[in-house]
Amino acid sequence: MSAKVVVNIPGEAAYDVRIGGGVLARLGAHLRALPALEAAERALVVTDGNVGPLYRDQAKASLAEAGFRVSDIAVPAGEDAKSIAVAGEIWEAMAGLGLGRDCAVVALGGGVVGDLAGFVASTYMRGVPVAQVPTTLLAMVDSSVGGKTGVNLAAGKNLVGTFKQPLYVCADTDTLATLDDREWACGCAEIAKAALIDSDEFFFWLADAAGALAARDEAVVAEAIARSVVFKADVVAADKTESKGVRECLNYGHTLGHAVEALAGYGTFSHGAAVAEGMRFSARLGAALVGTPMALVESQDALLDALGLPALSWSAEPAALLDAMKRDKKARHGQVRFVLPRDVGDWELADVDDGTLLEHLGAWARSKER
């Protein structure tokens with residue numbers, strides 16, 4: 001059984017997100033059925049050194065069965081692959097293969113591959129179609145939907161990128177079997193973020209289902225992905241290019257989370273663990289600044305604990321954290337912006353002055369000493 005979520009974004013062609021076990025086998029048929037690809041001859045699978053050996057042959061066989069001439073490129077696994085240098089290697093390879101504007105790029109992997117392949121597709125010959133085939137829970141619930149692409153610079157993550165909606169998203173939940181607990185928790189953090197920002201209904205469903213999600217119950221996993229995709233699609237439809245402030249709600253937990261990742265050293269903590277810590281901090285900041293109920297702070301703590309995302313014991317100097325936040329691309333005019341929950345499904349985007357933020361970062365750091 002599979003589920004289908006249709007993403008409708010103003011000014012863009014609607015696209016399907018297929019969710020379920022075994023949907024990768026139908027990848028080629030689903031792509032061939034799209035009007036934009038009915039006459040396409042070529043497909044390029046972009047994957048990485050970890051995912052390629054597991055799922056590349058299955059993806060290529062499905063595409064070939066649908067009549068595509070298929071090539072593939074594997075990039076190194078990990079965040080370092082999201083670079084202009086690696087993007088350049090893929091552009092050169094595409095040109096060497098003689099790929100034209102009627103080819104399709106298929107991003108097979110986690111968020112790094114999805115961001116990189118999407119960026120390459122959006123810029124090669126000024127844009128060719130891309131399909132996303134996410135193979136991590138995090139990519140299925142977040143980065144594969146919404147059209148953000150990007151590569152990193154030495155100065156920071158995702159500083160160069162485009163908005164490029166995929167033609168199709170294939171979320172085969174069978175690929176999640178190979179994820180370790182650390183990667184699983186990454187996806188759970190983004191699901192928790194979506195639930196808190198979205199609605200009481202999603203949040204309390206997740207609170208009840210947290211144990212089953214952490215235990216990877218198939219039905220619960222599929223429903224959590226579908227609910228998260230619907231949430232993400234609705235937000236993106238309201239603010240496609242992050243120009244109206246609506247899409248910034250997706251940054252909940254990420255302001256402190258990105259600073260934690262940067263100062264601890266990328267890879268020290270998973271992205272999900274850092275975001276979960278950011279959610280805990282933001283809820284407490286919200287209690288001081290916008291009246292977030294302490295019952296919500298405690299309910300969120302309990303949810304994150306149940307999902308395998310305990311509070312971190314690590315801390316850093318408040319001034320260093322503030323500096324890292326100001327270097328983030330989401331800062332505006334030297335002011336750090338936070339998504340603060342007034343309640344479940346009710347949030348506010350707030351500029352927080354340095355003095356107030358340093359005070360709360362100090363309290364956060366001291367809490368780690370107890």
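Here are some friendly notes on the sheet, the helices and one alanine in this predicted model.

1. Ground rules. This is a predicted model in which local features need pLDDT of at least 70 and side-chain atom pairs count only at pLDDT 80 or more, while totals for chains, interfaces and linings use all residues. Residues are numbered from 1 along each chain as its sequence is written, and side-chain values use heavy atoms, with hydrogens and water left out.

2. Seven strands form an open sheet in the order β1-β2-β9-β6-β5-β3-β4, with mixed pairing. Strands here are DSSP runs of E with at least two residues, helices are runs of H or I with at least four, and both are numbered from the N terminus. Two strands pair if DSSP finds at least two bridges between them. β1 (2–7) and β4 (69–75) stand at the edges with a single partner strand each, so one side of each has no neighbour in the sheet. From one strand to the next, the twist averages 15 degrees.

3. β1 and β2 (residues 15–20) run antiparallel and are joined by six bridges. Within this pair, Val6 stands opposite Asp16 in β2.

4. A separate hairpin to look at. β7 (residues 151–153) and β8 (residues 156–160) pair in the antiparallel sense over two bridges. They form a hairpin with two residues between them, and Val151 stands opposite Val160 in β8.

5. A helix on the strands. Helix α3 (residues 84–96) lies across β3 (42–48), β4 and β5 (104–109), and runs at about 160 degrees to β4. Axes are lines fitted to C-alpha atoms, for helices over the stretch in contact, and angles run from 0 to 180 degrees between N-to-C directions.

6. The α7 and α8 pair. Helix α7 (residues 200–214) packs with helix α8 (residues 218–238) at an angle of about 150 degrees, the axes being 10 Å apart. The two helices are therefore roughly antiparallel to each other (over 145 degrees). Residues meeting across this pair include Phe202, Trp205 and Leu213 in α7 and Val220, Val221 and Arg227 in α8.

7. Is Ala117 buried or exposed? Ala117, found in helix α4 (residues 111–123), is buried, with a relative accessible area of 0% (buried means under 20%, exposed over 50% and partly exposed in between, with a 1.4 Å probe and protein chains only). Leaving aside neighbours within four places in sequence, Ala117 is in contact (heavy atoms within 4.5 Å) with Val46, Val105, Ala107 and Val130. The C-alpha atoms of Ala117 and Val106 are separated by 7.6 Å, with the two residues 11 apart along the chain.

Conventions: Angles under 35 degrees count as roughly parallel, over 145 as roughly antiparallel, 65 to 115 as roughly perpendicular and the rest as oblique.
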